[in-house]
Amino acid sequence: AVVSTQSTGIDVGPRCNHLIPVEIAEQVCEMIEKGRRFAAYILIPLFPEGNPHAAHIQEILYWQAKTMSMMYKKIAKAIDKAGVAAEPTDYLNFFCLGKRETPPASVNQLTDDTPTTKMARNGRAMIYVHSKA
């Protein structure tokens, strides 16, 4: 997940000092100031591993959204300052990779209402993305 409490403007107890999102946003802003074309494409999981309703998963999703918002706000300020006719999404995009297939007939026999069953009914499967800093 792309999560950082840095530069979110929210005072929190334990901090997530993951600086990569801030560094990416700063790199984009620097290129905007220089008048150079630059785009960052960030791959994030379709959903974190675990029960999507669990408190810790919801907290990950909350901070992920805050981090993305912080990045877009930094870039929007740089665009305004440079007087460029552009949108933040011209420079920064987030993608969740997935795979879509025709569901097998046996999927109709599934009766539970879990996220896994819903994905199977829709013929979707998550693609695992792994990276190291």
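These notes go from the strands to the charged pairs.

Entry 1, ground rules. I am working with a predicted model, where local features need pLDDT of at least 70, side-chain atom pairs count only at pLDDT 80 or more, and totals for chains, interfaces and linings use all residues. Residues are numbered from 1 along each chain as its sequence is written, and side-chain values use heavy atoms, without hydrogens and water.

I took helices (H or I, at least four residues) and strands (E, at least two) as DSSP runs, numbered from the N terminus. Buried means under 20% relative accessible area, exposed over 50%, partly exposed in between (1.4 Å probe, protein chains only). Leu43 has 41% relative accessibility, so I put it down as partly exposed.

Strand 1 pairs with strand 2 (residues 92-95) in the parallel sense over 4 bridges; pairing requires at least two bridges found by DSSP. Ala40 stands opposite Leu92 in strand 2.

I counted a side-chain nitrogen of Lys or Arg within 4 Å of a carboxyl oxygen of Asp or Glu, and the count came to 2 salt bridges. One joins the side chains of Glu26 and Lys74 (3.1 Å, N to O). Glu26 lies in helix 1 (residues 20-34) and Lys74 in helix 2, so this pair ties together parts 48 residues apart in sequence. Lys34 and Glu30 form a salt bridge too (3.2 Å, N to O); both lie in helix 1, 4 residues apart, about one turn of the helix.
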